[in-house]
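Q: Hey, can you walk me through this one? I'd like to start with the charged side chains.

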Amino acid sequence: MGLSVAIVVAIIGVTLGITYLAAKRNTSTDSHYVAEGQVGPVGNGLAISGDYVSAASFLGITGMIGIAGFSGFYYATAVPLAYLLVLLIIAEPLRNLGRFTLADAVAARFDGRGLRAALAVTTIVISAMYMVIQFVGAGLLVQALLGIKFWVAVIVLGLLMVVYTMFGGMLATTWVQVLKTGLLLTGTALILFLVLAKYGPSPLHIVEPLPDSVASSHPQNTTKTFDIISQQLALALGVMGLPHVMVRFLTVKDARAARKSGVVALWIFSAFYVVLPFVGYGAIRALGSDAIAAAHPQGNLAVVQLAGALGGPALEAVIIGITLATILAVLAGVAIATSGAFAHDLYTHVVKGGKATGEQQLKVARLSLLGIAIVAMFLALGAKGFNLGFLANVAFAVAASTSLPVLLLSIYWRGFNRVGATWALVGGLAVSLGLVAISPNILGPTGLIHGIDPIFPLTIPALVSVPAGFLLAYVGSLVGRSRPEAAGTDFAEIERLALIGR
């Protein structure tokens with residue numbers, strides 16, 4: 001335990017040092033939200049990878065593979081497609097149209113307080129869900145490391161997140177993300193090497209034959225098949241609506257740098273996700289699915305257990321430290337996006353009508369971080385038993401059902417208008433969250449509320465909620481055609497701005 005604590009403290013010390021250095025430059029809204037747009041494409045690509053390769057992936061997906069076999073890997077297979085779509089469809093137009101937040105990009109076409117408020121609320125909901133994921137993963141690790149109560153661990157980590165973002169802003173968040181991406185890739189490569197050394201040398205020796213206990217305990221059925229399709233849809237499309245990931249394309253100087261950032265990120269996490277099945281199957285072989293489930297019902301500690309089995313306490317301590325750094329870095333990125341929604345969108349443009357000074361906005365952004373942290377920590381206490389991969393998929397589904405239709409149609413559809421955007425945001429959010437509330441995750445023997453059968457059979461609502469979001473955008477736009485003021489900026493001008501920039 002002493003070694004684990006020492007490694008964790010050392011990593012936290014380095015990140016706090018980074019925050020101290022960045023705080024000297026975090027003196028304006030431009031530096032706080034987007035690091036003044038001066039992040040290089042390679043560094044930004046590493047940071048994007050850090051935003052996406054999170055606790056939900058490293059802990060959740062390997063845990064699902066360790067318990068359910070290869071079916072747990074379905075959560076990761078859509079990731080390369082997701083970022084290919086980001087590169088082809090949205091990265092460059094978003095950089096050309098946006099400034100600090102996703103709402104800025106949409107506001108380039110549609111002005112108005114109501115729509116910006118709806119975008120801000122959607123951003124806050126999605127970001128809060130993603131923060132809960134990181135708090136749960138971090139709390140479980142610190143609880144296992146120090147033997148302290150889960151809620152105490154969550155509070156300590158929440159305070160660290162506030163320090164990173166309140167003082168260091170986007171610059172500190174970016175540097176911490178780059179550091180943790182390097183650490184995570186190194187740790188994953190080390191575990192893979194040890195798994196291959198013990199069960200290889202060919203990677204195929206790790207995954208074959210499939211243990212009977214895993215294969216037989218997870219029979220496939222029609223509902224499960226549709227659930228997997230829904231999960232894939234959420235992952236493939238949800239990235240383009242995740243505020244904390246998309247805002248990273250605003251931290252570079254131009255659209256060309258945004259494209260290069262995406263290419264770097266695509267290569268990094270494609271390699272990372274290819275490795276996860278071998279790590280998960282290594283956990284099955286080294287520990288057995290029953291032992292993985294005994295440590296955590298959803299398998300969230302499988303990687304830590306595998307590290308201990310292969311490399312003893314020293315490697316286990318290293319993996320715990322790396323994972324904790326991963327979680328803290330993602331928390332910081334999500335917090336920046338959320339504080340931007342509060343301070344820049346809600347306070348500056350909705351409450352103050354765009355007349356708040358930069359100093360006022362920066363003060364509100366920093367103060368809002370504390371409230372964000374408190375709400376997310378409270379929600380994390382009730383989500384302790386969920387698999388982190390599942391929680392991430394719900395966030396992706398909500399993003400794909402709300403922010404994504406509005407962003408895409410604002411850029412590419414001439415007939416889109418403010419009414420359609422508002423309907424898509426409000427309706428998509430209601431449909432996606434409503435379906436989750438009546439799904440097996442909440443109702444029934446495997447949910448939080450027993451004694452009531454689930455009404456909606458899928459655990460991830462994307463298969464229904466994403467089409468609903470686009471349909472609401474279309475119907476709302478038809479309704480809004482009778483309102484000339486809803487049309488917004490001339491579409492030809494938006495096309496020019498999206499392709500060329502300001």
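**Salt bridges and a helix**

A: A salt bridge is a side-chain nitrogen of Lys or Arg within 4 Å of a carboxyl oxygen of Asp or Glu. This is a predicted model, where local features need pLDDT of at least 70, side-chain atom pairs count only at pLDDT 80 or more, and totals for chains, interfaces and linings use all residues. Residues are numbered from 1 along each chain as its sequence is written, and side-chain values use heavy atoms, leaving out hydrogens and water.

Q: Where do Arg 496 and Glu 493 lie?

A: Both are in helix α21 (residues 491-500), three residues apart, about one turn of the helix. Helices here are DSSP runs (H or I, at least four residues), numbered from the N terminus.

Q: How many salt bridges does the structure hold?

A: Four. Among them, Asp 104 pairs with Arg 116, with the closest N and O atoms 3.0 Å apart. Asp 104 lies in helix α6 (residues 102-107) and Arg 116 in helix α7 (residues 113-146), so the pair ties together parts 12 residues apart in sequence.

Q: What else does Arg 116 form a salt bridge with?

A: Asp 345, at 2.6 Å between the closest N and O atoms. Asp 345 is in helix α15 (residues 302-351), so this pair with Arg 116 of α7 ties together parts 229 residues apart in sequence.

Q: Are Arg 116 and Asp 345 buried or exposed?

A: Both are buried, where buried means under 20% relative accessible area, exposed over 50%, and partly exposed in between (1.4 Å probe, protein chains only).

Conventions
Helices (H or I, at least four residues) and strands (E, at least two) are DSSP runs, numbered from the N terminus.
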